[in-house]
Amino acid sequence: MLPSSISLDAREGPRDECGVFGVYAPGHEVSNLAFFGLSALQHRGQESAGIAAADRGRHIMTRRDLGLVNQALTANDIISLGGELAIGHVRYSTTGSNAWENSQPVQRAAGSGGNRRELALAHNGNLINAVELHAALRARGVSFASTSDSEIIAALIATDPAERIEDAVATVMPQLQGAFSTVLMSKDRVLAMRDPLGLRPLAIGMLAPLDEHTPARYCFASETCALDIIGAEHLRDVRPGEVVSLGEDGLTSIQVIEPEREAFCVFEYIYFARPDSRFEGTALQVVRGRMGEILARESPVAADLVIPVPDSGNAAARGFARASGLPQDDGFVKNRYIQRTFIQPGQELRKHGLRIKFNPLPEVVSGKRLVVVDDSIVRGNTTAQIVRMLRDAGAAEVHLRISAPPIKHPCHYGIDMSTREEMIAHARTVPEIAARLGADSLAYLSLDGVYEAIGAPRERHCDACFSGDYPLAGSEDASGKYALELPLAAGGRIPAAVAD
Ligand code: SF4
């Protein structure tokens, strides 16, 4: 059956969450660095983008809008923002709907006169106690301009009585539960904080001094690919439970919470992060190639050709071909220019389904027993269409090999997946899934295989969407993506400006 609607947005994987960037470089304009840093993080969020910037001691200005980085931010925006310090954000909504009000950075101000605090904040992750914190703040008379949990963090920091912003951040961190790789700025500092489990990545970079008279310039980014693009050296990651602050005194750190355990998201290795980003010093392209090699060892199949689902299966397909000795080719050509459009395909094009994005090559696949490699399956609609397109193009057999275990549980830490019931692997055996997808065979990489490819122990990671082992108590009781829309609706309208 053909799909009732065609998403031209992205493939049907779990949705990336958000990307954050921050830079402190006195004496230099940094909004353009933030722009290019965010461009490198575009894969982490395509719904909205924004930058907040300030010259030291001056008011913070923010530009943000719906769309990709180069749609949301114009050249005039970057020129008018200028700034010696800046933060930026790309968003895919995980709490709150895709609306302008929920785009980031969030800007808040609190207090008055000499006690006035002004800040902007960008957040990657999800709070599992957002509803409780939101209710407590509203009870104190704090109002909100958005329905995202990120504004809760901004409101808590803005209204904290501590004189120094780094102390306010340190006071707020223990009140937050969930995932928060966060960058924020006051009028003269840029800060980063990471939740005690270290669920989402957050790297620290150093830009080379322009000459011997200028101080070191530092930056933060969700992934190291954003450091590479602006010529920054990866110093280290923000540690779980740490607040790092950049100011006139250089880089300072407060270890607010000593983590009992780490739980870095294993899906960042498999899918979310860009292949040229590095975790633990290794590029993910290499790790994903290893996943394909191990998958070939665990689940070999008699076949003629290995093809990837582009681009998500590229690295693992190369690894599978290497380890199996089978030849590899491209079975599809992907249209790279049709990612986001508001133009509906209409009935005539709708019947071609996924072909608008992926066009199979009969000259390559016809008559072949194919191994088709991808990195994950959530609902399975796209995968079923891929199998059907390959058969229509003349493939003799279609064997699916997936470089991750079956996804059976929702994520509460900043990834928007389907509900449990929508997941094709929920309450189904692998042969049952293969039958639904129309494949001749299906095999997934084991969880042990994932950790072998990563080369790090399971105890330091979260793999709850595969295993159901959530690293944080109470995660499964967390409210859904639109939980904060209800109090806002009850309270009436979205205020035009917020100053608590
Ligand atoms: S549940 Fe899955 S996607 Fe979410 S943080 Fe854990 S491993 Fe990552």
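Visitor: Over how many bridges do strand β6 and strand β7 pair?
Guide: This model is predicted: local features need pLDDT of at least 70, side-chain atom pairs count only at pLDDT 80 or more, and totals for chains, interfaces and linings use all residues. Residues are numbered from 1 along each chain as its sequence is written. Strands (E, at least two residues) and helices (H or I, at least four) are DSSP runs numbered from the N terminus, and two strands pair if DSSP finds at least two bridges between them. β6 (residues 117-127) and β7 (residues 178-185) pair in the antiparallel sense, and the number of bridges is eight.

Visitor: Which residue in β7 is the bridge partner of Asn124?
Guide: Look for the partner in β7. For Asn124, that residue is Ser181.

Visitor: Which strands stand at the edges of the sheet?
Guide: Six strands form an open, antiparallel sheet, in the order β5-β6-β7-β8-β12-β13. An edge strand here has a single partner, so one side is left without a neighbour in the sheet. The two are β5 (106-110) and β13 (250-255).

Visitor: At what angle do the axes of α9 and α15 cross?
Guide: Axes are lines fitted to C-alpha atoms, for helices over the stretch in contact, and angles run from 0 to 180 degrees between N-to-C directions. The axes of α9 (residues 284-298) and α15 (residues 447-454) come within 8 Å. They cross at roughly 140 degrees.

Visitor: Which residues in α15 does α9 meet?
Guide: Contact means C-beta atoms, placed from the backbone, within 7 Å. From α9 come Val287, Arg290, Met291, Ile294, Leu295 and Glu298. In α15 they meet Gly449, Val450, Glu452, Ala453 and Ile454.

Methods: Two residues are in contact if their C-beta atoms, placed from the backbone, lie within 7 Å.
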